[in-house]
Amino acid sequence: MEVLSFIAANWLVILGLAGEHLSIVVVAVGLAILTGVPIGIAITQNKRVANVILYIASIIVTIPSIALFGLMIPVLSKIGQGIGWLPAVIAILLYSQLPIIRNTYTAITNVDPALREAAIGMGMTPMQRLMRLEIPVALPVIMAGVRTAVVMNIGVAAIAAYIGAGGLGVLIARGISQTDPRQLIAGAVAVSILAIAADWGLLKLQKRLTPAGLKR
Amino acid sequence: MIRLEDLTKIFRTPSGDIVAADRVNMEVPEGEICILLGPSGCGKTTALKMINRLIPPTSGKIFIGGKDTSQLNDIELRRNIGYVIQQIGLFPNMTIEENICVVPRLLQWDIKRAKTRAAELLDLVGLDARQYLKRYPKELSGGQQQRVGVIRALAADPPVMLMDEPFGAIDPINREIIQDEFLKMQSELKKTIMFVSHDIDEAVKMGDKIAIFRAGKIEQYASPDQILAHPENAFVADFVGTDRTLKRLRLLTAEEVADRNAPITSRSTKVEDARQVLAASKARFAVVIDGENRPVGFITADEMRGASGTVRELANRLPATVPIRADLRAVVSEMFAHDTMWLACTDDNGRYAGVISQPDVTTALRATYASAPDAAHDPGAP
């Protein structure tokens, strides 16, 4: 009951924090798409390179987020950005690489070889093949990777409150330090709702972007 | 025209070199279908794919329309060659119209022209353009998809087509239908076609010439009839099968064999007159036709002996008739089914067109056997 009244009294604040939270994730994953998709496509050309890149991306994900934030402080301090929004975005950008690169790579390599042979035989250049056939066919799987990245990193962004990045993590951090379960629970519930809503919205988008001929 | 000169492909593998095509020499004349036939791994597909450079040749030359293709870049070369594969390979993210328009668009055709062409081609294979243009490949049956696969390759009207077991994945009934449709199209389009198959029946039906491959080499390159009647060696004889004479039945139609001057009579003819007609032709029976020239029965000389009145009272029912365009295999099959030595033939409108008998069939087969064995022999073959 106390939690609900807390939420009712502070919903504008919570909404503001949610907006901050989302801005970190959206900017970071947006940048991650711009890097991860081309990398995922590029590594389809060479299996050995692909294995190395995917291995590195996997290792990055194993670094605990709090440690990653700590590692970035001395580096980013040199440009006066040791804590705050920028390190949070960079961390999430790095974490997002694995699902996006891996899904892009898998989707492109799994394009039916017969389609590729037909495309080559008809005289498409590699770029035309990519843009007209491979990316459209791979799009649903690439989008699934983006969804994974977003949902996973809404959680990571909550921790970024500890380095002053703002967002819903602020409520959780305060709840812990002030032993105030109202803030703690409100923050946690808001993060969960945000993750579920983002996943749902992206699923809609994924369906929208799937070419009509590939829909079941 | 497609000409291959000493075309060779050597695959270098860790376990040693594999010669997939060994100095292949052949020429497909303008407007003809050449079937590359052989067991799997014989090099027929390799030979085909070297023409559009899906497999780069190790050595040798390829000429299309007299021009050495090594002067062209890959992309330019491929856009001017129609390519059909067994798995069809329609792009699932594109509508049927977009699929057909792929090559025209690559060649920078005007959108309108490309779309008109797509509709035209769909009609050509009996698919209603209004109904199918906006559909996606998955909404079509396998047979319909392969028809689209073929017309997609024809879209930019390339002079040369390469077909890699194009009808291999289609059920036997639909395959026959599509083959017939394709032959009909080809009789108008006159493309120069290289066609890979592993099915001797398909090869005999579709090919103007057949090249039989073994271990990267051409064993024999000749017309289907030549290959069936005079296989050059034991491998070819074995490959075409012990029933090769029966296979030759498909190469001839009733039209080429039927006796068009066999005696006929009508129902209202007097028996005496019919008897005279028969006596003049030395035949033992006459086909009875109705007022619209359709064969409706037959009457024999024995039955007419001493009889009077009109033919109507004595005529027997015909066991069956065959279309004059039918191949001899269908004709013989009908003869066997009805236990008869002869059948009356009909034209497209069901009118009488002649009589075909079992001796006519065997005589025709013997005639092609007797023809000179090296008439269609390719001088370039090893």
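The contact between the two chains takes 17 residues from chain A and 19 residues from chain B, where two residues are in contact if their C-beta atoms, placed from the backbone, lie within 7 Å. This is a predicted model, in which local features need pLDDT of at least 70 and side-chain atom pairs count only at pLDDT 80 or more, while totals for chains, interfaces and linings use all residues. Residues are numbered from 1 along each chain as its sequence is written, and chains are lettered from A and ligands numbered from 1 in the order in which they are written.

On the side of chain A that touches chain B, the elements that give two or more residues are α5 (113-121) and α6 (126-159) of chain A. Helices (H or I, at least four residues) and strands (E, at least two) are DSSP runs, numbered from the N terminus. The largest share of this side, 6 residues, comes from α5(A). By class, the side has 12 nonpolar, 4 polar and 1 charged residues; Ala, Val, Leu, Ile, Met, Phe, Trp, Tyr, Cys and Pro count as nonpolar, Asp, Glu, Lys and Arg as charged, and the others, Gly among them, as polar.

Helix α6(A) also packs against α1(A), at an angle of about 145° and with the axes 9 Å apart. Axes are lines fitted to C-alpha atoms, for helices over the stretch in contact, and angles run from 0 to 180 degrees between N-to-C directions. The crossing of α1(A) and α6(A) is right-handed; a crossing has this hand if the near helix is turned clockwise from the far one by less than a right angle, and is left-handed if anticlockwise. Residues of α1(A) including His21(A), Ala28(A) and Ile41(A) meet residues of α6(A), among them Leu130(A), Asn153(A) and Ala157(A). This contact divides into 15 nonpolar, 2 polar and no charged residues.

Helix α1 (residues 2-42) of chain A packs as well with helix α4 (residues 85-109) of chain A, at an angle of about 35° and with the axes 7 Å apart. The crossing of α1(A) and α4(A) is likewise right-handed. Here the contact has 20 nonpolar, 5 polar and no charged residues.

Elsewhere in chain A, Gln183(A) lies in helix α8 (residues 181-209). Gln183(A) is buried, with 23 other C-beta atoms within 10 Å; a residue is buried if 20 or more such atoms lie within 10 Å of its own C-beta, exposed if 12 or fewer, and partly exposed in between. Leaving aside residues up to four places away in sequence, Gln183(A) touches Leu171(A), Arg174(A) and Gly175(A).

Chain B has 18 helices and 17 strands. Of its 382 residues, 41% count as buried. For residues 2-240 of chain B, UniProt lists "domain: ABC transporter" in an unreviewed entry. Over that range the chain is 39% helix and 28% strand.

An open sheet in chain B has 3 strands in the order β15-β16-β17, with mixed pairing. Two strands pair if DSSP finds at least two bridges between them. Strands β15 (321-323) and β17 (352-357) stand at the edges, each with a single partner strand, so one side of each has no neighbour in the sheet. Strand β16 (residues 342-346) of chain B runs antiparallel to β17(B), joined by 5 bridges. Tyr352(B) in β17(B) is the bridge partner of Thr346(B).

Technical notes:
UniProt positions are given in the numbering used here, feature names are shortened, and annotations may be inferred rather than shown by experiment.
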